Structures are given as structure tokens and as C-alpha cells.
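Welcome to this short tour.

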Amino acid sequence: HTHPTSTHTHTRTHPQGMFWSLVQSLCVGYVFFRVAVYLRNLFTHPLGQAPSARLDLFSASSGTFGNSQEASGAVRLADSALLKRQQAGELLSSQRGLAYERPAVPPSFVDTVVIGAGPAGLATSGQLTIDGQSHLVLERACNAGDSWAHHYKRLCLHSHRAVSELPGLPFPAHWPAFVPREQVVDYLRGYAITMHLPIYFGYEVLSCEPFDEQHHHHHHHHQQQQQQQQSDQMSSGTSGGGKNVSRWVVRTREVVTGQERSIHCANLVLCVGENAQPFRPHIEGLDQFTGTVLHSHEYDVGSPFTDKRVLVVGFGNSGGEILIDLCEHRARPDVVVRSPCNIFPRDMFLPFIPLMPILRYLPAKILDTINAPTLRSKIGDLRQFGIECPHPKYGPIECLERQHRPPVVDIGQVALIRDGTVTVRPVIQQVNGSEVTFRDGTTAEYDAIILATGFRDCLDSLLPAEVCTAIRDPDSGMLWCCGKRIDALPGLYFNGYSDKLGRIWQMTLHADRISRMIRGEA
């Protein structure tokens, strides 16, 4: 018996294609295995956090309470997070305008000092409170989340509210999916009061240094520590977790009186963020510009620029949102795009929110490979409009990890560029009066220049030079140790310097990790 010759042509599968097919199959299989669980938990528990770690801050009888003392007494494990989400709006409204009660003078020793009462500091303090850790928070301003209160009016969260909650308190169910600035401020301030966080407002941190016992009076410090041990735990609003050891000294100054004092602590968590100091690049002739020059942190609303020519320098998320605001107020903006970038549609990740706890473990290259088809169809190639997008070397997540450059979140600015409402300009060569000359030789007249050129952190002014060297990557200069233990610097932690899949969500995850490291469980 002979077999007939087959007329089918056998093709060889490329090994690289087989590898990615296998990876895709494994990912899809695991996703389908876990998706039901995460969909069920999406509006029941915050992502990545166990139910037992949450607090029910609502009275069983009324659902709300009127002051922070009752809030502290109402703490119990959550039985229904959905009920909490429905009642959160009423709770936060009841806290608006409430005076924040805290002793005027911080103690001289505490287990943990958290610096900054922005989202990262609040997340860290909230998690430490949940875990019963003695600590205090130092904040230069008079309110929690003060930086959010002073941003431009159009600002809103670019991440969905489901991945932007702080530990123990959800956003109200009726709030927008992408929460606007004013409601974010209400949430942050209400969170501080609701959780009864030990924040000392009006204290500027001058320096943070490792404690050198040889240069301090050890016996006097020990006696002072013993005398204040009990009062420290009361003033911090928590108990337990103390190691009675001083590893760091925080030098502070009271803003009102100018009085300086030192606080000793076993653990120091810096949460001052990357937006501490506005960055203004050198532009030749800018100081002679005859119009208005503002940095993005000084920009409020677009109405003063109606019918005016405005040049926005920088195409990050602030620059993009300011462009939209200017157009909505009938200004005539151009934008300077200085470097390659990646752009994400804001709603792109909405279907993947239940899977965020899984996605954060995937390598950047795989995430970018998954995202690439959607980005090609929704954003496309923008080089014809003067923007080198997509980035020629890295996808959005890999670019964030390697160059610390987050992708631009598209909330409408790409459409304004495509339809010609906004003109893209190259790098500025010089400014002469009201005329701006660009690198390609073109010129244009402007009434205002807005520098959306970003910010820098202030860690170099707070920490000794040798500490700053140890915590920064030698090549990029970026912080490598956010949410991690630093073996060479015991007791030092950082939160708020990472945003792989959403900055506030990363803050919450790192707050939990830092709390576990302080307790010796991680």
C-alpha cells in the first residue's frame, strides 16, 4: 500500500512567534481563571488589598459621624464595602470645614515619622493607622493634600477612581470615574479627619540625618524617651510597633513661630513627591519676553488668555490639559514638543481595571506588546504633525521604567492637534520681545508663554549627600528604592515616586509594603 503524495505545503513556525503565542496563551488562561474573582471584588475591596485590612468607618446606626473622635471609635472591620462606597459622599461632606485637632507640638521621639501629607503621605499614615503603628506626619502647609488645592482648576485624576483610593476609605459611588480636582481635595482632607491621622500641620522639615550616637548625649536622650513614651503613643493616635531606638533625626521648624526642634525616630518615610520644585529650563531671551510668563503650577484657568496667542512649552500631562483648557476659553495655543513620547487614551485601561493586580507583575515589554495594537489604532503615528510618537525605542511602560517618563494621557489634545486647532512647534531657539524663534528657523508672536516643563524632587535639600547618592540610580539619577528596603540605610523608606500602572494605586501598594517592612513582616 502506497500513500499518495500530499499536495499541502508545510510551513515552518518561527520560534519567536511560537514563544509569544505561548506567553499569550498562558496569560489568557490565567486571566480567565482569575477574572471572575477580581470582577467580584472590584467594588467590594480595594485592588490588591485583603478584606481584613480594611476598616469600616461608618456607624452601624447612622452611617455617618460628625467628628474625628467618633471616627476613631467607630473603627471596625468592613462588612460591606459597597455600603461604604454609597455612604462615603455623605461622610466626606460631613467632614468639610471641620477643624483638625492635634497637639500643637510634636513629641521628641516616635517610632515612625512620615514627611508630607499629600496622597503618598496620607496613604502611608492611613496604612500605619490601620496596622496600629505609632507614628506622626509632618506637613508644612495648613491642610492635607495642599498641592492639589493649588493646581489649575481643570485638573482631574487621569486614573479611574477604583485604582485611586487610599487605604480604608473608598470614593463615593456617585462621584465621576475620573475625579476632578475639587473633589480630590475634599477626599484627601476628609480622609485625614476620618482616619484620625496624626498630622502636625505648619512644620517645615529642614533636614533628615542618620542618628549618630557619638555626637548626642545618650543618657539625656534615653531619659527623655522614657518620659515621653506614653504621651508619644497617645499623640500619634496609635499604639504598638515601637522599637525604642533612634536611627534618624528630623530637624523641623514651625512655620508660624520659626522655632526649631528635633524629632528622633526609628523609621523615616519620605513622601514629599516629585513635584516639590518647579523646573524652569533656560531659554535664551525669556527674561526679556514682553508678555506673560507662567509655570504650570502658577496657571489657574484659561479665561485671561481669551483671543490671545499662547505658547505652551512641554507636552506632558499638565501641558496637554492646559492646551485643552486654553482652547475651551477661545485662546489660540501652540505647543512646543521637545522629545519623543508615548500617548495613551485615558479610557484604554478601563476594561483591565479588574486585572491590575495581575498586570503589575508582568514585564514592561509584555505589557507594551499587549497594548501596541490598541495604541496603533487609537493614536497612530503623529510624526506628520511634528510629534515623534510612538517613541522610537521604548513602549509606554518600558519608557517609564527606563527613562522615568510617563506616557501622555490623551483626554482630547491629540484631536486638537490633528484638526489644526493646536500647532506643534520645535524647540525654542531664542525669545526677542514678543517674538519667538524656533530651531527650524520659523518665528511667531505670542502674548503669553506657559512653561509646562515639570518639577523636580527636593530630596537633595533634605538628605545628606552620601544618602542621596545611595538612593539614586547612577545612570538616570532617578530614585530606585521607592517602596523598598534599603539595607545600607535601615529605617529609611520612600513613597510616591513610582507610577507604573497608576501613581496613587502604587502609593497604596507601597504604603502596605512599608508598613509590613516596619513591622518586620516583609
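Which side chains meet in a salt bridge at 2.8 Å, N to O? Select R402 and E398: their side chains form that salt bridge. Before going further, please note that you are looking at a predicted model.

**Stop 1: helix α11**

Keep R402 and E398 on screen. Both belong to helix α11, and because they are four residues apart there, about one helical turn separates them.

Is E398 buried or exposed? Its relative accessible area is 8%, so E398 counts as buried. K365, in turn, is exposed, with a relative accessible area of 52%.

As background for this kind of stop, side chains of opposite charge can pair when their charged atoms come close.

**Stop 2: from helix α15 to a loop**

Next, select R503 and E274. Their side chains meet in a salt bridge at 3.0 Å, N to O. Colour the chain by residue number here, as the pair links distant parts of the chain: R503 is in helix α15 (residues 503-518), while E274 is in the loop between β8 (260-270) and β9 (277-278), 229 residues apart. With a relative accessibility of 28%, R503 counts as partly exposed. E274 has 16% relative accessibility; the cut-off for buried is under 20%, so E274 counts as buried.

**Stop 3: the wider view**

Clear the selection and bring back the whole chain. How many salt bridges are there by this rule? The count comes to 19.

Switch to a cartoon view and you can look for 15 helices and 21 strands in the protein chain. The chain has 522 residues, and buried residues make up 50% of them.

The accessible surface of the protein chain comes to about 24900 Å², and 51% of it belongs to carbon and sulfur atoms.

Key
Residues are numbered from 1 along each chain as its sequence is written. This is a predicted model: local features need pLDDT of at least 70, side-chain atom pairs count only at pLDDT 80 or more; totals for chains, interfaces and linings use all residues. Side-chain values use heavy atoms; hydrogens and water are left out. Helices (H or I, at least four residues) and strands (E, at least two) are DSSP runs, numbered from the N terminus. Buried means under 20% relative accessible area, exposed over 50%, partly exposed in between (1.4 Å probe, protein chains only). Accessible areas come from the Shrake-Rupley method with a 1.4 Å probe; for residues, only the protein chains shown count as cover. A salt bridge is a side-chain nitrogen of Lys or Arg within 4 Å of a carboxyl oxygen of Asp or Glu.
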